[in-house]
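Here are a few notes to read alongside the model.

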Amino acid sequence: MAEAAKSGDLLFDGSDWDFDTLWRTYDVIEGIARDDLGLDLYPNQIEIISSEQMLDAYSSVGMPLMYHHWSFGKQFIFHERQYRKGMRGLAYEIVINSSPCVSYCMEDNTMPLQALVIAHAACGHNHFFKNNHLFRQWTDAEGILDYLDYARDFIQNCEERHGPAEVEQLLDAAHALMPASVFRHRRPPTPSMRAEKERERKRSEEAERAVYYLWSTLDRGDKSKNKTEEVEEYKSKMHLPEENILYFIECYSPALKPWEREILRIVRNIGQYFYPQQQTKIMNEGCACFVHYHILNKLHETGRITDGAMLEILHNHTNVLTQPVFDDPRYGGLNPYAIGFAMMRDIQRICLEPTEEDHRWFPDIAGSRDWRNVLKQAWEGYRDESFVQQFLSPKVIRDFRMFALTDDARNNWYTVSGIHDESGYQTVRDTLERIGDLSLSQPIIQVVDVDLLGDRVLHLQHRKVADMPLDDDDAKATLEHCKRLWGYEVKLTETSVSSSE
């Protein structure tokens, strides 16, 4: 334990907090984040909220502004019942990828816990959001809050003009297709409030006219050579196959009204905003845990917080990093907080105190002593898949006692294909990397064709990875939603592809 400091040097003493104490503590924490770790942060906005408000944030996917939909109320009731019965706790914080970076802190938190949350969210997650290449490429932190405000107002106006039931049915269908409606391989245009309002003004005049022209000028009975060539030329402009189903329907559905197209655009833009978070759970939480651990230890070493405060912080820190073993009833997979933090600490160890094994596996960074820049470059340049493949060390594999299983659907048993030994390290690495592969957890469904001259059938194709089929009931229900948006028949076929394609 660090030597006790004079009481005047302490940032706080005890569990109680007030706003002066919060801001004084925040200033010191931010100073360490910037000056010691060299973090690059968005401006911070810290909001203190009640348990009821935290439950409300849960229900609206953690966003400070959101349109109304019954599914959010359903989530609120579920989380509230679990919380009131003592079956689950609430998050200490929720942080929004925006500028300013909004961090929600629970009013019931003690002051030591508030310090942990500020270091974790307002510094760790903040830096990761601002600097990781996926978030820079796919999200607009400067404009997201304005865009959510615009989206909420637009959908509310639609409910007043067209009725809540009609808007609700449209949102039901759009939400069902949201997982299959992100751009994975090309950057979408950035939605800003100003651009959206200008686009809304023009859309009723221009966009609908273009779609109407397409479908009104195509004679479904005319299959002459000239008409067929015209159709093929128009199809080439559709850039098929199209990976973003809602985008395709928004642009080309013969049945949607202008306001319905705009709602589809809103839903898919929000889905796109969350896309990088699905690919960086290990890195994002590992970064935030490492940052709060380093900063709070620094505060303790310099006598700015007491031993009692540090013990409470370490207790909460350890709870977050709990990793049950595979045969524990609590086991639900690898804890991204635990594996992420372990890998960040391990990179620091490799840079400062490498072993002979580390020199073999990580010749470029072992013993470099420049752990700050190594970590920051990793946080900026990788996603979970590539980060695991590049930095998961034999030591971490041994510490977690990892092993890999092979599952063949033709057999009623699993095969242990790799364990934490010399011959199994790479197999374990490869297996853990695939856990972060979204193609193995989310179906890849594309628009591959549309019958412009015949019965206007929309043709979808499921690219089946590792022979994993779609759930029949889910597929049928989702196709019904797709048919409601397209206005005509929708057909789905499957084709098998390798996970490397």
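Predicted model: local features only at pLDDT ≥ 70, side-chain atom pairs only at ≥ 80, totals over all residues.

**Notes on the fold**

1. Let's start with a quick check on helix H12 (residues 281–301).

2. How much of H12 is buried? Of its 21 residues, 16 are, so the helix is mostly covered. Just after H12 comes glycine 303, with a positive phi of about 75 degrees.

3. Now look for the largest nonpolar core, which has 69 residues. Ile295, Trp379 and Leu392 touch the most other members. Helix H4 (residues 111–131) gives this core its largest share, 12 residues. Apart from it there is another core, of 55 residues, including Tyr67 and Leu460.

4. Zoom in on tryptophan 379. Beyond its neighbours within four places in sequence, its contacts include Leu39, Phe128, Met283, Phe290 and Met344.

5. Next, find the open sheet: three strands in the order E6-E7-E8, with mixed pairing. Strand E6 (444–450) and strand E8 (490–497) are at the edges with a single partner strand each, so one side of each has no neighbour in the sheet. On average, neighbouring strands are turned by 30 degrees against each other, direction ignored.

6. E7 (residues 458–465) and E8 run parallel, joined by eight bridges. Valine 465 sits opposite valine 497 in E8. Helix H10 (residues 245–252) packs on the sheet and touches E6 and E7, while helix H20 (residues 472–486) lies across E6, E7 and E8, at about 130 degrees to E8.

Methods: Residues numbered from 1 in each chain as written. Heavy atoms only, no water. Core = buried A, V, L, I, M, F, W, Y, C linked by side-chain atoms within 4.5 Å. Buried < 20%, exposed > 50% of the residue type's maximum accessible area, 1.4 Å probe, protein only. Helix = DSSP H or I, 4+ residues; strand = E, 2+ residues; numbered from the N terminus. Contact = heavy atoms within 4.5 Å. Pairing = 2+ DSSP bridges. Axes fitted to C-alpha atoms, helices over the stretch in contact; angles between N-to-C directions.
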